[in-house]
Amino acid sequence: MKITKAVAIVLAFMQVQFLVATAAISPDPGLTCNSCCQGPAGIPGIPGSNGNHGQGLVGPRGDAGSPGEVGQPGAKGDMGSDGLVGEPGAKGDIGLKGDQGVGQPGKQGPQGLPGMNGLKGERGEPGPAGQTGEAGECSTRRSAFIAVRNTGFSHPSEWDPLPFDELLFSEEGTDFNLNNGTFTCNVPGVYVFMFSVLKTHTGSLLYVQLRKNGNKIVVGHVNAAGYHQVSNSAVIPLHHGDQVHLAVYGEVDGASDHYTSFTGFLLYEI
């Protein structure tokens, strides 16, 4: 647009100079101007003001030019400030189970219930025979007795030894005193003693104690009217000289059927 204005100014200036020069050379418009009658050129006039723009139509838009070459990447910009924290997103679907990991051994669980017994295994081969042991000493000493009462006996207020009337059996060497019903040990060992005593039908109660050296070992008793059998037994270790007897409190019945008896025998020596 600036170039167009400049061209218009130059053309207008040249036109004015031409008109001035023409008027100076030919003062009389009716005369023919010749080169011989031309005078000196006049002073140029003041340029006129720019005229109005023409009302010409805008030309069609030209075709787009070819794309330029790709420029060089620019320098990396500064890191921007942190943005606002966004709202929590929706819960996602449960993922697939991962592969088995290798972790530390867990704590030992509680002991389970005992399993069923297994099948009996086959019999193994016999082991080697052991060495023959030394010959032991064989004891031939024996001690045994059974004493009975054939008559009644009453001690309603004292714990007295129960006497016996007869020895039905007595091993040779056995020391049993019928008068006080006392057995005296002369073969140290473990003995078995048993007693069975019948209460009279008129008595109200009967207590029987098996005593070793005066100390109570076992007791039998009944507290009821009528005939009743009182019995008990014990296994007692005895040393040489120890004594065993029955002590009673109450009324004891006696008859030829031997309802009342006292038995003892050596189980093994010690």
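Guide: Let's go through it feature by feature.

Guide: First, some ground rules. This is a predicted model, so local features need pLDDT of at least 70 and side-chain atom pairs count only at pLDDT 80 or more, while totals for chains, interfaces and linings use all residues. Residues are numbered from 1 along each chain as its sequence is written, and side-chain values use heavy atoms, with hydrogens and water left out.

Visitor: How many helices and strands are in the protein chain?

Guide: Helices (H or I, at least four residues) and strands (E, at least two) are DSSP runs, numbered from the N terminus. Here the protein chain has one helix and 11 strands. In sequence order, the pattern is α-β-β-β-β-β-β-β-β-β-β-β.

Visitor: Which strands run antiparallel to β11?

Guide: Two strands pair if DSSP finds at least two bridges between them. β1 runs antiparallel to β11, joined by six bridges, and Phe145 sits opposite Gly264 in β11. β6 is also antiparallel to β11, with eight bridges; Ser196 has Ser261 as its bridge partner there.

Visitor: And what about β7 and β8?

Guide: They pair in the antiparallel sense too, over seven bridges, and Leu210 is partnered with Val218 in β8. The hairpin they form has two residues between the strands, and Asn213 in it takes a positive phi near 55°.

Visitor: What share of the residues is buried?

Guide: Buried means under 20% relative accessible area, exposed over 50%, and partly exposed in between (1.4 Å probe, protein chains only). Of the 270 residues of the protein chain, 23% are buried. Take Phe183 in strand β5 (residues 182–184): Phe183 is buried, with a relative accessible area of 1%.

Visitor: Which residues does Phe183 touch?

Guide: Contact means heavy atoms within 4.5 Å. Leaving aside neighbours within four places in sequence, the contacts of Phe183 include Phe145, Phe176, Tyr191, Phe193, Leu238 and Val244.

Visitor: Which residues touch the most other members of the largest nonpolar core?

Guide: A nonpolar core is a set of buried Ala, Val, Leu, Ile, Met, Phe, Trp, Tyr and Cys residues joined through side-chain atoms within 4.5 Å. The largest one here has 28 residues, and Phe193, Phe195, Leu210 and Phe262 touch the most other members. Among the strands that each supply at least two residues of this core are β1 (144–149), β6 (189–199) and β11 (260–269). Beyond four places in sequence, Phe195 touches residues including Val208, Leu210, Val218 and Phe262.

Visitor: How many salt bridges are there?

Guide: Side chains of opposite charge can pair when their charged atoms come close. A salt bridge is a side-chain nitrogen of Lys or Arg within 4 Å of a carboxyl oxygen of Asp or Glu. The whole structure has two. One joins Arg141 and Glu269, with the closest N and O atoms 2.6 Å apart. That pair links distant parts of the chain: Arg141 is in the loop between α1 (2–25) and β1, and Glu269 is in strand β11, 128 residues apart.

Visitor: What are the partners in the salt bridge at 3.9 Å?

Guide: They are Arg149 and Asp165. Arg149 lies in strand β1 and Asp165 in the loop between β2 (153–161) and β3 (166–170), so the pair ties together parts 16 residues apart in sequence. Arg149 is buried, with a relative accessible area of 4%, whereas Asp165 is partly exposed at 33%.
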